[in-house]
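These are my notebook entries on a single model. I set down what I looked up, entry by entry.

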Amino acid sequence: MIGDEFRSDEVPAPERFTHWTNRMCSRMEGFCALEPGGERWEGTGFLAEELEIGLGEIQVAARRLSPVQVRRESPDIDDDAYQFLMPLQGSLHTDWDGRTGVCRPGGMYFHDGTRLNGFDCRAPDACGTFDALVVTIPKERLTLPAGSLRRLVGRELPGDQGPGALLAGAVGHVLSSANVYRPTDTARLGTAVLDLVHAHLAHQLEALTPESLDPEHRGHALLVRVVDFMRHHLEDPELTPQSVADAHHVSVSYLHRIFRTHTGGRETVAGWIRRQRLEHARRDLADPVLAAVPVHRIAARWGYTHAAAFTRNFRAAYGVTPREYRHGDPAAAADGGS
């Protein structure tokens, strides 16, 4: 079975809460766990069952816990990941930047640790547990504009309809079928989960930003649609800033302007397209199932019509040629277009 499994009943009873807390602190640096009364849990009845699976850079987990409180201890926390927490049983009570909320089964809480003050995991009754699914995604893997995403962080999003239901169902299936998958499946599953995350967040952002809003928010809405469009047309060799602008009935200069405004000027439209194409090609080159597919065909799959240009861009981005990367041999021939 892929993944890391933990069961508190495999730990001596007096050590269970401390052992789980140490695991939690390794994931959430700057936070501590308390029993519901506010004291550190010293009893013997604490229960924790966890299954964590790494899907490339994405992690999914299933957790079952006795009621517990998690509180912020450090004033400065630099969190480089977003997280979806989806209750299956019980309720999640949150305090994110002074905004309190409750997330129950059917919802999913989208957050990071930067301004998370704490949360309570509550059971449905005195004898129950808090059960949840969790998805953790590095912020750099989300291609939606950070300025737009800030409007969703620290909020409950629907998890029982539309793209949210697809995401919750896919994550639940991966975790319940962990014994079926091979280690080589994990990167592919991670790509599928990431696509569903993007679909869900884009859907929510579009719902929050109708065209009747002020110009700044209309710019956010347009950028969300632009990024989603580009993600789904990376394989098209004709995908250029001009074609993107034409598809959205705006000028190229306006497209560049909103891209600079809402991404902090860190990347151009063409640079974004190139980086995403190279990243998808890099994942294909690392996939053992595609080991017999020529490099030039992988390049063509992601919009490169000239193998030499692909090799040049790949070497500039990763320091090796596509062929060297595929074989893990920096001394290999630097053809890349075979």
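Is histidine 249 buried or exposed? I find histidine 249 exposed, at a relative accessible area of 74%; the classes I use are buried for under 20% relative accessible area, exposed for over 50% and partly exposed in between, with a 1.4 Å probe and protein chains only.

**Basis of the entries.** I work with a predicted model, in which local features need pLDDT of at least 70 and side-chain atom pairs count only at pLDDT 80 or more, while totals for chains, interfaces and linings use all residues. I number residues from 1 along each chain as its sequence is written, and side-chain values rest on heavy atoms, with hydrogens and water left out.

**Backbone entries.** I place histidine 249 in the loop between helix H6 (241–247) and helix H7 (252–263); helices (H or I, at least four residues) and strands (E, at least two) are DSSP runs numbered from the N terminus. Histidine 249 has a positive phi of about 60° although it is not a glycine. Most residues other than glycine have a negative phi. I noted aspartate 97 as well, a non-glycine residue with a positive phi of about 55°. Aspartate 97 belongs to the loop between E7 and E8 and counts as partly exposed at 47% relative accessibility.

I then looked up threonine 100, which is found in strand E8 (residues 99–103). Threonine 100 is exposed, with a relative accessible area of 66%. From threonine 100 to leucine 234 I read 40 Å in space, C-alpha to C-alpha, and 134 residues in sequence.

**Strand entries.** How many residues of E3 are buried? Six of its eight residues are, so I record E3 as largely enclosed by the rest of the structure. Strand E1 (residues 4–7) runs antiparallel to E3, joined by four bridges; two strands pair if DSSP finds at least two bridges between them. Within this pairing, aspartate 4 has glutamate 52 of E3 as its bridge partner. E3 also pairs in the antiparallel sense with strand E4 (residues 58–65), over eight bridges, and there glutamate 52 stands opposite alanine 61. I note that E3 and E4 form a hairpin with two residues between them, and that glycine 56 in the turn has a positive phi of about 70°.

Strand E5 (residues 68–72) has four of its five residues buried, so it too is largely enclosed by the rest of the structure. E5 runs antiparallel to E2, with four bridges, and phenylalanine 31 stands opposite arginine 72 of E5. Four bridges also join E5 to E10, again antiparallel. In that pairing I find valine 70 with phenylalanine 119 of E10 as its bridge partner.

**Ring entries.** I count nine aromatic pairs, taking rings of Phe, Tyr and Trp (its six-membered ring) as paired if their centres lie within 6.5 Å, with planes under 30 degrees apart as stacked, over 60 as edge-to-face and the rest as tilted. Phenylalanine 17 lies in helix H1 (residues 16–27) and phenylalanine 46 in the loop between strand E2 (31–34) and strand E3 (48–55), so the pair ties together parts 29 residues apart in sequence. Phenylalanine 17 is buried at 4% relative accessibility, and phenylalanine 46 is buried at 1%.

Elsewhere I find Tyr304, Phe310, Phe314, Tyr318 and Tyr325 linked into a cluster by ring pairs. Lysine 139 lies over the face of tyrosine 82, 5.1 Å from the ring centre; a charge sits over a ring if NZ of Lys or CZ of Arg is within 6 Å of the ring centre and within 35 degrees of the ring normal.

**Cavity entries.** I find two cavities of 30 Å³ or more. A cavity is a set of points, on a 1 Å grid over the protein atoms alone, where a 1.4 Å probe fits but cannot get out, and lining residues have an atom within 4 Å of a point. Grid points are joined across faces, edges and corners, and a volume is the space filled by probe spheres set on the points.

The largest cavity has a volume of about 60 Å³. Its lining includes Arg141, Asp195, Arg231 and Glu279, and the largest share, four residues, comes from H8. The second largest cavity has a volume of about 30 Å³, and Phe119 is one of its lining residues.

Key. 1 Å grid on protein atoms, 1.4 Å probe; cavity = no way out; pocket = protein on both sides within 12 Å on 5 of 7 lines; lining within 4 Å.
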